[in-house]
Amino acid sequence: MNFIKRSLLGLIVFAILQSQAFAHSYARYVSTPISPPKEFDGWQLISIGILLAGSFLCYWQVIRRRWWVSIILSILATSAFYYVFFMYGRYISRMSTDPPTGLGEPCSTFWGFGWEHEGSSFIKWNILGFIFFTISILLISRIFRRRKSSNESESGNSDSKKPLKIIATMLICLLAYTIGLVPFIKHEALVHGWCGGYVSNGCSDNLTTIYIALYNYAHEHDDRLPEAEDFHQLLEKIEPYIDKERIRFDYFPIGVCTIGGAYERNPKYYIWNKSFNGMSLDELRTLDPDEIFRNDLDTPIECPYQERSGIRALYGLFEYIEEQEKEDTNDNGLIDALAIEDVFYQVRAIVHPRQRLFL
Ligand SMILES: [Zn+2]
């Protein structure tokens, strides 16, 4: 008894903690006929209707139950499928702090995660859904078995047709299930979900990496920031100074916001503020991030999706500069882009507590 009580308590605590701690990164839920993205919310009713019709057809025409029994069984089978499959998928998508793709409530579509990123999850989960659906129908039919009439048991007719009946049931299930996927495949709305805390930090991490690259570029170019017409041109110039190993989420190019990249099919790139073209490092050092933050002044690079990412990263850059000046170990005044690993982590550690002020 004691063991059962303890296990139950453990299970409850785990369930509560689990729902609190999951998804530091992206919470990704696959689009299925029973768990569509927010934009396709209305489709859920239609696809459940199709699943009901499919299971009714299986019971009525294939398994040969009376029409009213078929209606009851199809409601039972579809509901059982809905709850078991959804709860299983929901459990998977919450099983750790960085959970794998699973199922969940309707959220905005991750248009940025197409076939290339989430195609295999979409296919795997929907094959699983089709199997869950077929098994539900066959199990419910077995649980509520019809009493055989004396004629049937003598001839053995129904037993010899069993494999055929199972194949026919599977085909009907496959058809009904696949119709439920048509809008998601057509619009490539494969996964939906939301962005956890680290994703939002991922954007300012990107920008900090870019700022540090700008700073290191300047060191090798007369202490001046590069001149560029737009962000793409800037990226070309500072690319050699970007430490790509430091990019936390590399689903998207470094010039793309970790949030914007997930929600948009064609995400906007960061914006380079041309008033910083050719600015000297001395001038850059005179900037006061607190004043920029208070008065909402321009930062060298802005994120088109998160207003505050640019300023967060600027704090990071200033911590980096401070760190460099304090250590002052470099003979020629150059900063080796690859030797910044430790400092970058310090910067991240410093930036993040400050970010909380702006969240
Ligand atoms: Zn951003």
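Both faces of strand S1 are covered, with Tyr 26, Arg 28 and Val 30 buried on one side and Ala 27 and Tyr 29 buried on the other. A residue is buried if 20 or more other C-beta atoms lie within 10 Å of its own, exposed if 12 or fewer, and partly exposed in between, with C-beta atoms placed from the backbone. This is a predicted model, in which local features need pLDDT of at least 70 and side-chain atom pairs count only at pLDDT 80 or more, while totals for chains, interfaces and linings use all residues. Residues are numbered from 1 along each chain as its sequence is written.

**Overall make-up**

- The protein chain has 15 helices and four strands. Helices (H or I, at least four residues) and strands (E, at least two) are DSSP runs, numbered from the N terminus.
- Of the 359 residues of the protein chain, 38% count as buried.
- Among contacts in the protein chain with a separation of 6 or more, 79% are between residues 24 or more positions apart. Two residues are in contact if their C-beta atoms, placed from the backbone, lie within 7 Å.

**Strands S1 and S2**

- S1 covers residues 26–30, and five of its five residues are buried.
- S1 and strand S2 (residues 191–195) run antiparallel and are joined by five bridges. Two strands pair if DSSP finds at least two bridges between them.
- Cys 195 in S2 is the bridge partner of Tyr 26.

**Helices H2 and H7**

- The axes of helix H2 (residues 43–62) and helix H7 (residues 162–179) come within 8 Å and cross at roughly 165 degrees. That makes H2 roughly antiparallel to H7.
- Axes are lines fitted to C-alpha atoms, for helices over the stretch in contact, and angles run from 0 to 180 degrees between N-to-C directions. Angles under 35 degrees count as roughly parallel, over 145 as roughly antiparallel, 65 to 115 as roughly perpendicular and the rest as oblique.
- H2 passes H7 in a right-handed crossing. A crossing is right-handed if the near helix is turned clockwise from the far one by less than a right angle, and left-handed if anticlockwise.
- Residues of H2 in this contact include Ile 50, Leu 51 and Gly 54, and those of H7 include Lys 165, Ala 168 and Ile 172.
- By class, the contact of H2 with H7 has twelve nonpolar, two polar and one charged residues. Ala, Val, Leu, Ile, Met, Phe, Trp, Tyr, Cys and Pro count as nonpolar, Asp, Glu, Lys and Arg as charged, and the others, Gly among them, as polar.

**Helices H4 and H7**

- The axes of helix H4 (residues 115–143) and H7 come within 10 Å and cross at roughly 135 degrees. H4 is therefore oblique to H7.
- The crossing of H4 and H7 is right-handed.
- Phe 130 and Phe 133 are among the H4 residues in the contact, and Met 170 and Tyr 177 are among those of H7.
- This contact of H4 with H7 has nine nonpolar, three polar and no charged residues.

**Two buried residues**

- Glu 118 is found in helix H4 and counts as buried because it has 21 C-beta neighbours inside 10 Å.
- Not counting residues up to four places away in sequence, Glu 118 touches Arg 28, Thr 101, Phe 113, Leu 190 and Val 191. Glu 118 and Val 191 are 73 residues apart in sequence and 7.1 Å apart in space, C-alpha to C-alpha.
- Ser 35 lies in the loop between S1 and H2 and is buried, with 23 other C-beta atoms within 10 Å.
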